[in-house]
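Work through the exercises below with the viewer open. Try each task before reading its solution.

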Amino acid sequence: MSAALRLPVRSGVPVTGAVLEVDLAAVGANTRRFAALTPALLAVVKADGYGLGASQIARTALSHGAIGLGVTSVTEALALRADGITAPILSWLNPVDADFGAALAADVHLAVGSVEHLDAVCRAARRTRRRAAVHLAVDCGMARDGSAPLAWPALCARTSLAQQAGLVEVVGIMGQLSHAGRPRHGASQRGRAIFEWAVTTASGHGLTPAHRHLATTAASLTDPRSRHSMSRVGAGLVGIDPSGTTLLDQVSTLVAPVTAVRDVTAGTGVGYGHLWRAKRATRLVTVPVGYADGIPRRSGGRAEVSVAGRRCPIVGGVNMDQSVVDVGAIEVGLGDPVVVLGGEGPALVEWAEWAETLPHEILTGLGARVARRYDGFSQDQP
Ligand SMILES: *Cc1c(COP(=O)(O)O)cnc(C)c1O
């Protein structure tokens, strides 16, 4: 890695408030771990790279062993292209009237899970005179996206005709498991069996793509039989292990400066409705992060942050723009850093517990006011 560079996400805008420090060296280490587990790794950078910055996570993953990128919408894929990323990109969640022509013009691969989607992609291929690279998607037991197994043979037959007509080239078959991380669960056994049957059925229709991918982060870590020729990994790259089996490198640290310090007497009420009252004389500090920045309001009464290396509770509820912290007798000055998440502060999984949600929701929920800053950015990018 080259020397650390720090880049605010919106260059030119000075950073004065909360900052999410993203450790790209940790993203690189996580990427290498997953790349070693699977024949090929597709780095999933949907939802702005799980809230951390899609292009930065993408570039880092690509320079540490990922062979391509996965996103939901064509819009997300085009944003990566506009940022100069030339690696293969697969987009898998689009309405039937999405701009598939723009996707083909930008060489974006498309998941196809229904005859309607296939026809829309074929129309775009005719219009733009470009052959569409598609990944056929089969529903392996989530009842969410992908072709139902019953409809799969017909989808394969029609896709095979479209391939013979030069409109599409099937480059992949994809599925997803409902109980990833629990390889022996009946739903996982059924899901794997459906996927294998779908690959065989496609092959009977002359569709034998190089990429067959079923595993996400949890299955990649726990279920070798689901790995096939490629895994699609997002959460794991940013340090989240949904299977709870593996210690991944932690990537994100949210730090906010103290914006107010006050010593209060016993009985002082804090915030709207005096949700909390000081039982003793104490010192309160204010930090400029609230629920509009993704600090879950429902974590109020439980959440803590780290001030001068010590855990201190958020009191009086999480407000839209700010939170008040009871620091007791800790000496704190205006501008001192408060570690809200990661680093010496509470881990992502603690926040998820306090808010009764997943770490994914905490990360992807961090708001636009929180500046993203990148450490360990490698210069030798594709
Ligand atoms: C989000 C997503 C992934 C990545 O899953 P992780 O658990 O974050 O690794 C893979 N495939 C599809 C279709 C997804 O929507």
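This is a predicted model: local features need pLDDT of at least 70, side-chain atom pairs count only at pLDDT 80 or more; totals for chains, interfaces and linings use all residues.

Residues are numbered from 1 along each chain as its sequence is written, and side-chain values use heavy atoms, with hydrogens and water left out.

**Exercise 1.** List the residues around the ligand (a heavy atom within 4 Å) and sort them by class.

Solution. Start with the list: V44, K46, Y50, W92, Q176, T216, T217, R232, V233, G234 and A235. Now sort. Five are nonpolar, four polar and two charged, with Gly counted as polar. Helix 2 (46–50) and strand 9 (230–233) each supply at least two shell residues.

**Exercise 2.** Find polar contacts of the ligand (N or O pairs within 3.5 Å).

Solution. Take the side chains first. R232 places a polar atom 2.8 Å from a ligand nitrogen. W92 has a polar side-chain atom 3.4 Å from a ligand oxygen. Next, the backbone: a polar atom of G234 is 2.9 Å from a ligand oxygen. On its own the ligand has 380 Å² of accessible area (Shrake-Rupley, 1.4 Å probe). The protein covers 88% of that.

**Exercise 3.** How many aromatic pairs are there (ring centres within 6.5 Å)?

Solution. The count is one. W351 and W354 pair edge-to-face (planes over 60 degrees apart), at 5.1 Å centre to centre and 80 degrees between planes. Now check the spacing. Both lie in helix 10 (residues 348–354), three residues apart, so about one helical turn separates them.

How values were computed:
A residue is near a molecule or strand if one of its heavy atoms lies within 4 Å of it. A polar contact is a pair of N or O atoms within 3.5 Å; within protein, one must be able to donate a hydrogen and the other to accept it, and residues adjacent in sequence count only if both atoms are side-chain atoms. Helices (H or I, at least four residues) and strands (E, at least two) are DSSP runs, numbered from the N terminus. Rings of Phe, Tyr and Trp (its six-membered ring) pair if their centres lie within 6.5 Å; planes under 30 degrees apart count as stacked, over 60 as edge-to-face and the rest as tilted.
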